[in-house]
Amino acid sequence: MDFAVLINQILVLFLIIVLGYILRKREIITEEIASGFSNILIQITMPVLIIDSILKIELNQEVIKNLAIFTIVALLSYLFLIILSTIVTEKLKTQQDTKEIFKFLLIFPNVGYMGIPVVSSIYPAEAVVYTIINNVIYNMYVWTYGIQIFNNDKKEKFEWRKLINQGTIALTIGFLLLITRLPIGPLRGAISTVGGMTFPISMLVIGSSLTNIKNFDFLKDKYLYYQVFLKLFLIPLLGLLILNPLHLPKMIRDISVIMLAMPCGANSVIFAGKYKSDRLFASKAVFLTTLLSLFTIPLIIFILNLI
């Protein structure tokens, strides 16, 4: 990949985030509008982007084999994050609710709002499908292991229906259309256009959310810097060190590492609030890792291109 192209795409991402921040500050994007954008993303544009990405794939035996390999790698990646986060949080000398959310933040990155738009703007359609598979596995882990991080006394049963969502439905529709080669006429152009809206809307939503931090005293929190270092530097580099000797197809290796390099997932704030954990720390971590990831993600991709 041409690094100049990468920098250009990240700058585009950054400028739209800044625009989202300004529009929220000026109340052109209100809380209601931001919420509406989020619903449009989750219910419409992201699922349509999934279908669009799948329809761009030239299905053959190699692609099918690569999808199977990536699925295994993604499953093992989250196991790696669970083991690493357990070791790290046991050594933290802080209160239990901060330990809980610290662990959750390390395991579950923002593979949706950040992962899909970033990958779709830089890599070909096949890579976006890998990202979607990562999202499916993410959801499987977050609704099983994730909620148990906060449930020390009570056990919340995993419900399989939680895996049936807009993403998995779109994945199914996309592959059915790809396999059957069903002619869809002008609908194909509409799918491509609507799916293309995901990137700018996602960045506007992220930019508007950054206004939630009013006080920068949080920068004195040393545990926040631990989270940033682990999340944006150590974890993706460890992932690269583990995956590189396996001689996987380059795109599988790269997307797997990039998913590890994503900032903290925004849903951590929701889970922290629901389970009475450290919601403030979650908000601070999401803010800072999202902001810094605009610089660390290009660095990680640059390293990937060198190896």
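**Salt bridges in a predicted model**

Me: What is the relative accessible area of Asp 52?

Reply: Asp 52 is buried (under 20% relative accessible area, whereas exposed is over 50% and partly exposed lies in between, with a 1.4 Å probe and protein chains only). The model is predicted, so local features need pLDDT of at least 70 and side-chain atom pairs count only at pLDDT 80 or more, while totals for chains, interfaces and linings use all residues. Residues are numbered from 1 along each chain as its sequence is written, and side-chain values use heavy atoms, with hydrogens and water left out. For Asp 52 the relative accessible area is 3%.

Me: How many residues apart in sequence are the parts that Asp 52 and Arg 188 tie together?

Reply: Asp 52 and Arg 188 form a salt bridge, that is, a side-chain nitrogen of Lys or Arg within 4 Å of a carboxyl oxygen of Asp or Glu. Asp 52 lies in helix 2 and Arg 188 in helix 8, helices being DSSP runs of H or I with at least four residues, numbered from the N terminus. The pair therefore ties together parts whose separation in sequence, in residues, is 136.

Me: Which residue forms a salt bridge with Asp 221?

Reply: Asp 221 lies in the loop between helix 9 and helix 10, and its partner is in helix 13. Both residues of the pair are buried. With closest N and O atoms 3.3 Å apart, the partner is Lys 284.

Me: How many salt bridges does the structure hold?

Reply: One of them joins Glu 31 to Arg 24. Lys 250, Arg 253 and Asp 254 are linked in a network. The number of salt bridges in the structure is 5.

Technical notes:
Helices (H or I, at least four residues) and strands (E, at least two) are DSSP runs, numbered from the N terminus.
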